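Open the model in your viewer and keep the sequence panel beside it. The stops below say what to select next and what is there.

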Amino acid sequence: MSDTQVWLVPHTHWDREWYEPFAVFSERLVEMMDVLLDLGGAGFPHFHLDGQTAMIDDYLDRRPERADDLAALVRAGNLSAGPWVTQMDEFLTSGESHIRNLEMGLARGDELGAALRLGYMPDQFGHIGQMPQLLRMAGVDRAMVWRGVPASIERSSFLWRAPDGSEVVTEYLPYGYSLGSSFEHADDEASLATAIGASIDALRSFAVDDRAVVMVGYDHAGPDATLPERLHDPSVRIAGLASFVEGRAVPDDLPVWTGELRSSARAHLLPNVYSARVHQKRARGRVEALLERYAEPLASLAPGFEWPQEELRRAWTLLLWNGAHDSACGCSHDQVAIDVDGRFVEARAIGEDIVQRAVTSLGSRIEGGPGVLRFNPSPFERDGVPPLGYADADADTEPAEVSVDVANRGDGIMLDGLQVRLLDEPDVGDLYNFCYDQPDQVPSPPDSIEIRGDEIIATWERLLVHARVTRREGEPFFRLDGVIRNDRPDHRLRLVATLPTVVDRSLAGAPFEIVSRPLVGEGSGLEAASATWPARHVVAAGDVAVLHEGVFEYEVVDGEALAITLLRCVGRISGSLATRPWDAGPRTPTPNAQMMGETPFSIALWPGCPQGAALLEGWERFALPIAVAPASGGGELARTASLLPLDLGTAQLSNVRRHDDRTEVRVWNAERGNVTARIASVPVDLGASEIRTVAL
């Protein structure tokens, strides 16, 4: 191997919770870290702690007396720390969640001695297109990934480019993070050399230079204590990822990939986690909106209100824990799902309390007598309330509703001229992948559909959907709010809207982006090509759009219909499937994931929808209601005002907060052209797809 410089990186991939709950894995974590710190103190060269700080703090919660030992190893370069808090799923978490994950992870890593400044993302189920820009914003110019890389990338390094043009040099792990997992069984120098040689031979066709990295570990692994003693090849070193990328020249003629990575060419993508435990996807979206668009803006802008630093840090920590990929995806033990629900409840309570206190404080400072304070979280005027402002009224008024024409049409429903069907079909898959029972199965319409004015009742055997269709005055879309009552396992229920014209692409929301996608992704013998995709808040196919409070699963069926998964019911973490021949995890039963009982849903359907940024204005009206609270009055503030004067044009507001003793406003451009905005007195020129943080 003298022609190749080899980095062996001992590591663990530590799922905080997965096929066992956190309480079980935390016991294993303490045992592993105790051994690791003792080894490190005795001279073990390096151990990579999975690019996350949560496992460090989970350990120190149990072993606070070892904080100095751990920090000493981080400072010496023998342990990695960060850059993330957790290894989050990228599509199921908001853009703000990614920024906080990286911000808090880097800060914690630096507190411990030195954060790893490499975007290490070894197991996410695909990668968002804006990740290179987010890394660059944090001062990180390198990344490392496994899943999602398309077949056209045939090198171990490539330039990954965000839609705005930001680039990071990205190291690709074509065989994943466990290529060196067998080394612990090579119990002498010769057998270890043979095993290392086989790994390097496998990587040789991908090589871009004379360096190769082999990750030596696996899920919940500990250190191989005698690895240094069995290694005597001078071209092979045990070291960290920082030393692998530091001082390394960017190889010439690297391939370039722009945008999201969602291929299963060489690894499972696991595309149906977005419909596993659907209630949690909606819950996360609602809590993210509560913190990002209500609690933090009000707390930072309401005059005289003290910034609730510790409360917000706790809420964000809960969201980052719930963002860890196995937690967010719902592909875990039922107890994990129960714990995730509990964290959402706590985070929501924190956010609601902050909003209530901030609005009450604001209401006490406005002039005049008692009334009702209405807060508009959007950067544009709504219902007489100024952008990102408030208005005092004598009484709250509910928005007026206008009628929607609801009628039976064969085995479907016509909603103001839009044909919609509710279709159910068998799903013998698992929490990762949908799988048909028969390759030629045909989804079943309801056995009966009853229309009662604006209400729809659709029934199958042991399955019922009860929904109400409404349209509010001035809104171009209609809302569909309802409940699913399910008493049947192993099936998938979808709402399918017929498109007026055939399409060959879709537009879908993603963190800090509206992304254009084909109808079907790239598959392989490892996993069938998937026609289902995740959408954050919005998806449009042609001139029909769907709005949602969180992330949801969609498919454009043969270019002719837009299908939205309302419920997917399966009873195991993993299995061997026709759509994915190899297991993706243990076959742990998950009876709660059969979604028995009632599941509420709320979506909006938008025939004749616009394209681009205008879709997101519609989403704000759908998902971000005007907040209302009693106002005591008696102060000196005007009865109606913006808390922050701004004119964003077509730019989007992500968040307003207090950070480093300043007010910080984050905006982004959903368009592929430039946008000019103004925040307070600051002019902001946003390039195509640019994210910008403005400090006031």
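**Stop 1: a parallel sheet**

Select Val6 and Ala212: Val6 stands opposite Ala212 in strand E6. This is a predicted model, in which local features need pLDDT of at least 70 and side-chain atom pairs count only at pLDDT 80 or more, while totals for chains, interfaces and linings use all residues. Residues are numbered from 1 along each chain as its sequence is written, and side-chain values use heavy atoms, with hydrogens and water left out. Helices (H or I, at least four residues) and strands (E, at least two) are DSSP runs, numbered from the N terminus.

Now select strand E1, residues 5–10, together with E6. The two run parallel and are joined by 6 bridges; strands count as paired if DSSP finds at least two bridges between them.

**Stop 2**

Which residues of H3 are buried? Select Leu70, Ala71, Leu73 and Val74: these are the buried residues of H3. Buried means under 20% relative accessible area, exposed over 50%, and partly exposed in between (1.4 Å probe, protein chains only). Looking down the axis of H3, you find its buried residues within an arc of 160 degrees, so they line one face of the helix. The arc is taken from the directions that lead from the helix axis to the C-beta atoms. On the other side of H3, select Asp68 and Arg75, which are exposed.

The buried residues of H3 pack against helix H1 (22–41), helix H2 (54–62) and H4. Just after H3, Gly77 has a positive phi of about 85 degrees. Continue to Pro83, in the loop between H3 (67–75) and H4 (95–112). A cis peptide bond joins Gly82 and Pro83, with omega about 20 degrees.

**Stop 2: the cores**

Return to Leu70 and show what surrounds it. Leaving out residues up to four places away in sequence, Leu70 touches Met33, Leu37, Ile56, Tyr59, Leu60, Leu79 and Leu112; contact means heavy atoms within 4.5 Å.

Leu70 also belongs to the largest nonpolar core, which has 136 residues; Leu70, Leu79, Leu135 and Tyr432 have the most contacts inside it. The largest share of this core, 10 residues, comes from helix H11 (residues 334–363). Another core of 46 residues lies apart from it, and Leu418, Ile449, Leu480 and Ile564 are among its members. A nonpolar core is a set of buried Ala, Val, Leu, Ile, Met, Phe, Trp, Tyr and Cys residues joined through side-chain atoms within 4.5 Å. In soluble globular proteins, nonpolar side chains tend to be buried together.

Select Ala337, which is found in H11. Its relative accessible area is 9%, so Ala337 is buried. Neighbours within four places in sequence aside, Ala337 is in contact with Arg277 and Gln280.

**Stop 3: two hairpins**

Select E12 (residues 406–409) and E13 (residues 412–415), antiparallel strands joined by 4 bridges. Arg409 has Gly412 in E13 as its bridge partner. The hairpin of E12 and E13 has 2 residues between the strands, and in the turn Gly410 has a positive phi of about 60 degrees.

Then go to E22. Of its 10 residues, 10 are buried. E22 and E23 (residues 544–557) run antiparallel and are joined by 9 bridges.

What is the phi of His537, which is not a glycine? His537 has a positive phi of about 75 degrees, and its place is in E22 (residues 532–541). Because its relative accessibility is 14%, His537 counts as buried.

**Stop 4: across to E20**

E20 and E22 pair in the antiparallel sense over 2 bridges; select Leu507 and its bridge partner in E22, Ala540. End at Phe512, in the loop between E20 (505–510) and E21 (513–518). Phe512 has a positive phi near 60 degrees, and at 4% relative accessibility it counts as buried.
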